[in-house]
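Thanks for coming, everyone. Let me put the model up, and then we will walk through it.

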Amino acid sequence: MAKQSIEKPVLPKGTRDFGPAQMAGRTFILDSIRTVFRSFGYQPLETPSMENLSVLTGKYGDEGDQLLFKILNSGDFLSRTTEADYQQGAPQMLPKIAEKGLRYDLTVPFARYVVMNQHELTFPFRRFQIQPVWRADRPQKGRYREFYQCDADVVGTDSLICEAEIVLMIEQVFARLGITDFTIKINNRKILQGVVESIGAEGKESDLLVAIDKLDKIGLEKVLDELSQRGFSPAAIEQLAPIFELSGDTESRLTAAEKAMQHSATPKAFGATGVPATGVPAIGQQGISELREVLSLVRDMGSAGEHVAFDITLARGLSYYTGAIFEVKVNNASLTSSVSGGGRYDNLTGVFGMPGMSGVGISFGVDRLYDVMEDLQLFPQEALAATQVLLVNFDKPSKKHALGLLSTLRDAGISAEIYPDAVKMKKQFAYADKKNIPYIVVVGAEEMQQKRYGLKDLKSGEQVALSIEEIIERLK
RNA sequence: GUGAUUGUAGCUCAGCUGGUUAGAGCGCUGGUUUGUGGAUCCAGAGGUCGUGGGUUCGAGCCCCAUCAUUCACCCCA
């Protein structure tokens with residue numbers, strides 16, 4: 001027999017299978033998030049996995065465009081290309097051989113949906129969306145090429161109540177998941193804008209944002225180094241330093257930020273815009289009062305807001321944010337990257353020809369939440385058990401009898417299964433053990449006669465003889 | 001895209017400066033006499049050492065290539 005080369009199956013880089021064990025945990029997380037979203041009045045939406053590349057490109061910056069998965073056109077995709085196209089390389093070729101791409105996030109498809117359905121939708125429009133997204137990134141810890149996002153956005157209002165609700169939703173999701181030690185970092189792009197203006201660095205916002213975003217990672221000095229490398233003047237850097245060293249609680253940080261911007265206000269920075277040289281930059285002030293208002297609304301909604309922390313160094317990459325920005329980190333987990341993030345954008349639908357539609361949204365990363373939950377062992381036992389009770393049988397008559405009980409249990413809404421073969425008890429018990437099944441009902445000759453069955457709690461090892469009605473009562 | 005890291009049994013790994021039939025733990029299968037599992041004990045199955053070349057009398061170990069992995073940077077959920 002000729003030796004056949006059997007190729008062993010491998011998953012594409014950065015993708016995973018979710019077996020029953022993982023699915024149990026993921027379902028628990030997704031259900032928690034969905035429940036919270038629903039209770040805040042968000043309605044579900046799903047969009048296609050693929051979008052036209054024209055919808056996707058240019059929305060995530062150059063970096064983002066690189067990370068888009070493109071879908072090759074069907075058929076002879078090279079037929080419409082020429083030798084000249086090939087010579088000019090990828091940018092010239094790409095539009096001719098690929099028209100579609102996999103979605104990169106859920107926000108842009110949402111914006112597309114809103115624009116396409118603007119006449120049918122009732123605003124403010126709240127939707128949530130739980131679907132996978134794809135990025136051609138290099139995978140590493142907590143980073144995958146296919147992962148799920150759980151987004152909730154509301155568009156068509158600029159009320160700060162929405163921001164406050166986001167804080168509440170985050171708190172409630174985490175409460176359901178059992179995560180207690182987390183921080184909701186909050187900032188406002190307007191404050192950052194104010195900082196930029198106060199040091200007279202207009203036009204270099206993105207450089208500043210990228211650099212300060214690393215503050216907690218590489219430290220103040222290295223950030224300042226990087227800033228000077230990026231062409232910020234020594235004077236500007238000197239003015240920046242104190243802003244990044246704010247300390248104390250959120251309110252005192254806010255006050256300090258306000259003051260710092262005031263201090264550093266220079267005539268140079270404001271001469272052109274007509275803002276008084278000595279005043280706090282108007283935009284920065286606006287950001288600060290917005291943030292204060294959000295915090296006050298959070299309290300009005302009955303939350304102490306103890307997890308919320310103002311962090312002026314929070315920048316977030318996505319350039320479409322214009323107001324509040326959020327990021328959530330779990331403090332006692334080994335995974336330090338953020339598990340959730342979001343913010344307000346004033347003009348997301350503008351690129352699709354629908355300007356002035358303000359919105360705010362939040363996104364949970366299920367995959368990272370899963371990693372955190374597992375790390376902290378937060379999955380409740382009952383969430384992981386698929387079956388509640390296993391019927392153990394010995395022989396034909398007992399199996400036959402057990403089948404009736406099985407249906408009775410299932411009709412009562414209790415997930416139950418019977419070990420299909422009449423093998424040794426040891427094996428049946430081991431099966432229940434491995435499958436995390438919490439209860440066993442023993443159906444033997446004696447039990448059948450008495451109509452009282454042995455209900456065994458596998459965790460405690462206790463066993464009691466009960467009627468089927470009593471068993472149902474116990475397990476409900 | 002840049003810089004590293006690792007690739008030996010289903011899993012986690014050992015294998016000394018290259019030397020005869022490649023090891024351990026866990027897991028798995030079976031048994032410990034047939035109605036009670038999860039850390040008893042006994043036995044067993046399972047690997048062409050990522051792949052392809054090369055050096056050598058001899059390669060899991062050295063060299064080259066290649067693929068894959070993990071991690072960090074960039075960026076991000």
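Start with helices H1 and H7: their crossing is right-handed, where right-handed means that the near helix is turned clockwise from the far one by less than a right angle, and left-handed means anticlockwise. This is a predicted model, in which local features need pLDDT of at least 70 and side-chain atom pairs count only at pLDDT 80 or more, while totals for chains, interfaces and linings use all residues. Residues are numbered from 1 along each chain as written, chains are lettered from A and ligands numbered from 1 in the order written, and side-chain values use heavy atoms, without hydrogens and water.

Back to the pair. H1 covers residues 20-39 and H7 covers residues 161-177; they pack at an angle of about 145°, with axes 9 Å apart. Axes are lines fitted to C-alpha atoms over the stretch in contact, and angles run from 0 to 180 degrees between N-to-C directions. Helices (H or I, at least four residues) and strands (E, at least two) are DSSP runs, numbered from the N terminus.

Who meets whom? In H1, the residues include Phe-28, Ile-29 and Val-36; in H7, they include Met-169 and Arg-176. Contact here means heavy atoms within 4.5 Å. The contact residues divide into 8 nonpolar, 4 polar and 1 charged.

Now the loops. A cis peptide bond joins Phe-123 and Pro-124, with omega about -5°. Pro-124 sits in the loop between helix H6 and strand E5.

Gln-377 has a positive phi, near 55°, and is not a glycine. Its loop lies between helices H16 and H17. Is Gln-377 buried or exposed? Gln-377 counts as exposed, because its relative accessibility is 71%; the cut-offs are under 20% for buried and over 50% for exposed, with partly exposed in between (1.4 Å probe, protein chains only).

Last, the RNA. Which residues come nearest to RNA strand B? Of the 41 around it, they are Arg-135, Arg-143, Asp-433, Glu-447 and Leu-458. Near means a heavy atom within 4 Å.

The surface divides into 12 nonpolar, 9 polar and 20 charged residues.

Two close pairs to finish. A polar side-chain atom of Gln-140 lies 2.8 Å from a phosphate oxygen of RNA strand B.

Terms used:
Ala, Val, Leu, Ile, Met, Phe, Trp, Tyr, Cys and Pro count as nonpolar, Asp, Glu, Lys and Arg as charged, and the others, Gly among them, as polar. A polar contact is a pair of N or O atoms within 3.5 Å; within protein, one must be able to donate a hydrogen and the other to accept it, and residues adjacent in sequence count only if both atoms are side-chain atoms.
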